[in-house]
Each structure stands twice: as structure tokens, then as C-alpha cells.
Amino acid sequence: MTQISRRDWMGLLARAPTHRLAALMPAEPDAAFLRPPEIGTVMVRGRIGATGSAFNLGEMTVTRCTLQIASGQVGHAHVQGRDRDHARRAAVVDALMQTESASDVHAGILTPLAQEEAQRRSLRAAKAAATRVEFFTLVRGEDK
Amino acid sequence: MYVAVKGGERAIDNAHAFLAEERRGDPAIPELGTAQIREQLRLSVNRVMAEGSLYDPDLAALGIKQSRGDLIEAVFLIRAYRTTLPRFGASRPVDTGKMTCTRRISATFKDAPGGQILGPTFDYTHRLLDFKLLADGQTPPAAATAPANESPLPHITGFLDRDGLIQPETGNAETPPDLTREPMELPAPRALRLQALTRGDEGFILSLAYSTQRGYGRTHAFVGELRIGTVAVEMEIPELGFAVEVGEIELTECETVNQFTGSKTEPPQFTRGYGLTFGQTERKAIAMSLVDRALRWRELGEDDTGAPAQDEEFVLMHADNVQATGFLEHIKLPHYVDFQSELELIRKLRTEAIAARTEAAE
């Protein structure tokens, strides 16, 4: 099994399609909310001219959640969109990844999510690559 | 002065019920789902997200459905909803250099390193109505694929920058101003201008940009690079003490290469305009970069030619379509007391004028 950092699994869970995460988690352990799922926004920033100072581009919706599973681990999630179940499930996975069942959770949930994401990305990249063009400049009559 | 009126509750309720019925249209026609809007009217969704200043395709689709396709009304609904949400924080500035591009073109370098990728574009279509789309249920054949290099594509202006041919774009780590939190003060720094432009009305920004091309504040813009694709959004989470990705969004970025400046001490250099917008919204991003460049006349030591696109107050105070439509449309609401006083005034003036004329004639 390859290693995955907490930062990476949290990002993967944040980007995961809600229905896929739900399908991969038919059962959940009991958990107590330290912060029930809450919908809010994050101000997305860009950089002037791509490399300069920051500016405020606009907000995006994000749902966050913090909970504690029975074995004591605290799970945390900030996920894109407004789906409270998504945030709760992501927080549960985050907590479980800190337990002894981490390798099962990794294999059963994170690996399929990562593979599906990689497939979606490479299919889109392959479609874009098929539209790569070579432009030629032609000598026009009046330029002779 | 606006004086409130009372009454009309039943008429208003009935008008809203009538609106709901008209929104639905002919019940014999299947109802449009928000998922259909999100997937099949994606460029409308993108525009509502950009001008609503909130990236959430499902909400934008709902706004479009509720507003019967009136995109400015949909933007208004999104802005109103946004004010009900807490803000958890601000992201790290997104790194567009790491964008996964579905489109990337340059009008200045045909052999751009990384290549030119057309992506899903209307460019080079014939703009003929496609009557095949009138027929039901045709799923188009899958788009062609080709081996892709998934490494990030370098910014094309980076090559000019390396050779010192373009004004460098360096910054500081200051917290940028936010016009949704503090009233806009003029003169506005470039960061604030870009925030106002990216959420500004596409039609207004387009017309201003077009005016610069026609000579009102000309800046000789070339599209150095236009790229569309997805970027990761990262935010520091204080509880964790590190930054995590909270999602992934689609952006359009336009970098223009414009006429040079130079001085006794600095050799001539190209200058830049910048556009960055939510979603695939390239007309808006290109227009934004032209208007951004026109507004930079002061810092680049250019003349104020009096062109509208150079007038920061004119541009920034009129770019927001929610503000504009709010003030414009309020004049159709009851102004009976206002108008009554105007009516009395004009009657008095007329009586005086007629009396004066009669007196002169006598």
C-alpha cells in the first residue's frame, strides 16, 4: 500500500463526487459532532498577472464538519459545495484514517476515489490533447 | 425621496402565483431540471457564477431556473443567498501555472511551448444553426482522444519575462482589499479593480473593452495567452495547522501583451493586462484584461485621453449589474408622493408662465 498524507486524503475527499463517497461508505461508525456540518464560503484569491500580489476573485461554497468517533480520534473536513452528508462522511474517513483500520479505509474508499479521479482527469486531458493544433503562417500574395 | 406605500397584498400574491405558472410554461412540456441546466446550459451557469461572485454550479442552475433564464435576476438571487452564509476564510492565491488546461491558445506565439489546445470552443464553427439539435435524444459520438502530456503548461508571458521584454509582475504578501467587506474607495488599487471587473457585468466590460480597441484609450492588446481549466483551491485550516485543498474550480485566464512603455532609465518593454474569471467565460476574461490594462494608464505614465475605459470611477461604479439593475428598476415602483410634488410644481410654473405671457400681451 502506498503512503498517503493527511493533507492528500483530505483534498481527495473534498474533491470527491458526493454520490461516489456515499456509495463507498455503506456503513459509518458512531460519531459525535464537535462541529455539526456547516455550510459557508471561502473567498478564492488569484494573483495579479498570475504571479503578482493577491486579489479577491470571488467566493465558493464549502461545507465543514468536525466530529469524534467512539475510539477518540477527531475527524475534520472542509469539502466543496453544500452537501452536509459529504462533509460528515469526509470527516468520518479522516478520523478512521487515524486508527488501526487506516489501511482498510485507504483500500476501500481512498484508492477507488483516487483512481476514478485520475481516470476522469486523463480522459479530459486526452480529449483536450486531440484538439492540439499546429498553426502555419503563410506568405500571402501581397507580401511578395 | 421614496415614500412607502401600503396595500395590494392580494394582487401581489396573485401576481406571484401567475409568475410561478408562467415560469413552468406549458405543463405538457417536461419540466426542466436544474441538473439539465447545470450540464447543458453550462455557459449561462458560468456567467451567473462569475457575476454572482459565488462558485457553485448547482446554485447558479437553480437561480437560472427560478429567474426564468433572466441571468441578471439569477445573479441577484446568488448574491442575496451569498450574504446568508458565513465565510470560513480566504484561500491561498490559486496557482494558474498548475492549471489542468482544457483550452490554451496564444495569439502571439504559434509555437508556444506546450502547444496550442483548442478545447471545446465555438471558434472556427460556421455559426450556422444546427437543425440536428431540434431532433430529440441524440447523444453525440464521444470526442476524439490523443496521448496527453499531463505536466503543467508554462505561462507564455513567462518567456517574455525571462528575456526582460515584458513588465515583470511581482507582488507582496499583503491581504488584498475586499469590496464585499468595505465600501470601494477611489482611487482603487489594482487588486480592488480586478475584483470589481471579474464580478462586473459581461456586457458592460465587453463594450468598454471594445471601445479601447476602437480608439477610446487604445492599448494595442494581443492575447498573449488564454487558458481554461481547473485549479485546486487550498486554504489554511487553523485547527490543523496546515493547508488543505477544499475543492477544485474551473477558471478562465487571459494575459494580454500590450504596447510598450519605456523611459530614460528603462528600455522599452511590453506591458500587461490581466483577466481571471470563474468557469469557461473567455469573452469576459479577454474583455477584463483589456479594461484592466486601460485603467493602468496612471501607473504606466500614459496620458489620460478622457476615454471612458480610462475613467476608474466611471468603470468601477457602473460595472456591477446588481447595483445597476436595482437602481434602474426601482423607478418603476410606486413613486406617487414624489410625483405628486413634481406635478404640483409644474402646475404652479405653468400658471405663472401663462399669467406672465398674458400680461405681456396686454
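This is a predicted model: local features need pLDDT of at least 70, side-chain atom pairs count only at pLDDT 80 or more; totals for chains, interfaces and linings use all residues.
**Entry: overall layout**
The C-alpha trace of chain B spans about 90 × 65 × 55 Å along its principal axes. I found twelve helices and seven strands in chain B. Of its 362 residues, 40% count as buried. I also looked at contacts in chain B between residues at least 6 apart in sequence, and 65% of them join residues at least 24 apart.

**Entry: domains**
Chain B splits into domain 1 (9–82), domain 2 (96–119 + 152–167 + 184–319) and domain 3 (330–361). I then took the centres of domain 2 and domain 3 of chain B over C-alpha atoms, and they are 51 Å apart.

**Entry: nonpolar cores**
Which residues touch the most other members of the largest nonpolar core? I noted M60(A), I249(B) and L251(B), in a core of 90 residues. Domain 1 and domain 2 of chain B both contribute residues to this core, so it lies between them. A second, separate core has seven residues, among them V133(A), V223(B), L226(B) and C254(B).

I went back to M60(A) for its neighbours, leaving aside residues up to four places away in sequence. In chain A, M60(A) touches G40(A), T41(A), V42(A), V44(A) and Q80(A). From chain B, its contacts are L54(B), Y55(B), V233(B), V246(B), G247(B) and I249(B).

**Entry: a helix pair**
Next I turned to helix 8 (residues 202–213) and helix 9 (residues 282–295) of chain B, whose axes come within 8 Å and cross at roughly 55 degrees. I logged the crossing of helix 8 of chain B past helix 9 of chain B as left-handed. On the helix 8 side of chain B, the residues that meet helix 9 include I205(B), L206(B), L208(B) and A209(B). Their partners in helix 9 of chain B include A287(B), M288(B), L290(B) and V291(B).

I checked the peptide bond from L186(B) to P187(B), and it is cis, with omega near -5 degrees. P187(B) sits in the loop between helix 6 (156–162) and helix 7 (190–198) of chain B.

Is S53(B) buried or exposed? S53(B) is buried, with a relative accessible area of 4%, in the loop between helix 3 (42–52) and strand 1 (54–55) of chain B. R127(B) counts as exposed at 61% relative accessibility, and I placed R127(B) in the loop between strand 4 (116–117) and helix 6 of chain B.

Technical notes
Residues are numbered from 1 along each chain as its sequence is written. Chains are lettered from A and ligands numbered from 1 in the order in which they are written. Side-chain values use heavy atoms; hydrogens and water are left out. Domain bounds come from an automatic or database domain assignment. A nonpolar core is a set of buried Ala, Val, Leu, Ile, Met, Phe, Trp, Tyr and Cys residues joined through side-chain atoms within 4.5 Å. Buried means under 20% relative accessible area, exposed over 50%, partly exposed in between (1.4 Å probe, protein chains only). Contact means heavy atoms within 4.5 Å. Axes are lines fitted to C-alpha atoms, for helices over the stretch in contact, and angles run from 0 to 180 degrees between N-to-C directions. Helices (H or I, at least four residues) and strands (E, at least two) are DSSP runs, numbered from the N terminus. A crossing is left-handed if the near helix is turned anticlockwise from the far one by less than a right angle, and right-handed if clockwise.
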